[in-house]
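Here is a short briefing on side-chain packing. Please look over the sequence and the model first.

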Amino acid sequence: MDVNVMEEIERIERLIGKLSNTQKILLSTDGSVTRILDVLRGTVTIRTLKQEFIPCNQEIADKLNISMGDPVNYRVVVIGNREPLIHAVSYIPLSRLDDGFREDLIRADVPIGRILKKHNIESRREIEVLDIENPNPQLREIFGTDSPMLTRTYNIIHEGEVLIRIKETFPFEWFREEF
């Protein structure tokens, strides 16, 4: 179920400081982040850091409403162009994918939003968590900063089921400029 995005943004601002309008848009959108980044920074691409089919643990199974051990596509990517803009981790139950979607996903460096559009998949996004985290070593290396990280976790719902669970992360110091 969707969180109250405005309340969560206000909570984050009390903890870390004022967010720019761009940061608020990236945290609260129920549309494609890839398209927003294309508009803000020029056409973006993704670089896949890891992609594998894994049996899901109980926590992920509960979030996806599947059985523990069911196979999921686990994918870690960085979205950007000349610089990394957003780090994203996704879990996709293989049983909910048709062959064409699965093939495009395996190609790795295609953003999920573009795959959904290509396959005319009608879906909606439900934001579950907006938060702040300290950067782990991998995020420090990717972004080259110790800045606190803004995160959002959401589900892409298709035909009443979670098709994709995504966590997106970017540094608080990114997207500070106002347009």
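This is a predicted model: local features need pLDDT of at least 70, side-chain atom pairs count only at pLDDT 80 or more; totals for chains, interfaces and linings use all residues.

Residues are numbered from 1 along each chain as its sequence is written, and side-chain values use heavy atoms, with hydrogens and water left out.

**Nonpolar cores**
- A nonpolar core is a set of buried Ala, Val, Leu, Ile, Met, Phe, Trp, Tyr and Cys residues joined through side-chain atoms within 4.5 Å.
- Buried means under 20% relative accessible area (1.4 Å probe, protein chains only).
- The largest core has 42 residues. Leu 26, Leu 37, Ile 86, Ile 112, Leu 116, Ile 164 and Phe 170 touch the most other members.
- Apart from it lies another core, of 12 residues, including Cys 56 and Tyr 91.

**Aromatic pairs**
- Rings of Phe, Tyr and Trp (its six-membered ring) pair if their centres lie within 6.5 Å; planes over 60 degrees apart count as edge-to-face.
- The whole structure holds three such pairs.
- Phe 143 and Trp 174 pair edge-to-face, at 5.6 Å centre to centre and 80 degrees between the planes.
- Phe 143 is in helix α7 (residues 137-143) and Trp 174 in the segment after β6 (161-171), so this pair ties together parts 31 residues apart in sequence. Helices (H or I, at least four residues) and strands (E, at least two) are DSSP runs, numbered from the N terminus.
- Both Phe 143 and Trp 174 are buried.
- Phe 170 and Phe 175 also pair edge-to-face, at 5.4 Å and 85 degrees. Both are buried.

**Charge over a ring**
- The charged end of Arg 152 sits over the ring of Tyr 154, 4.1 Å from its centre. The cut-offs are NZ of Lys or CZ of Arg within 6 Å of the ring centre and within 35 degrees of the ring normal.

Definitions and conventions: Buried means under 20% relative accessible area, exposed over 50%, partly exposed in between (1.4 Å probe, protein chains only). Rings of Phe, Tyr and Trp (its six-membered ring) pair if their centres lie within 6.5 Å; planes under 30 degrees apart count as stacked, over 60 as edge-to-face and the rest as tilted.
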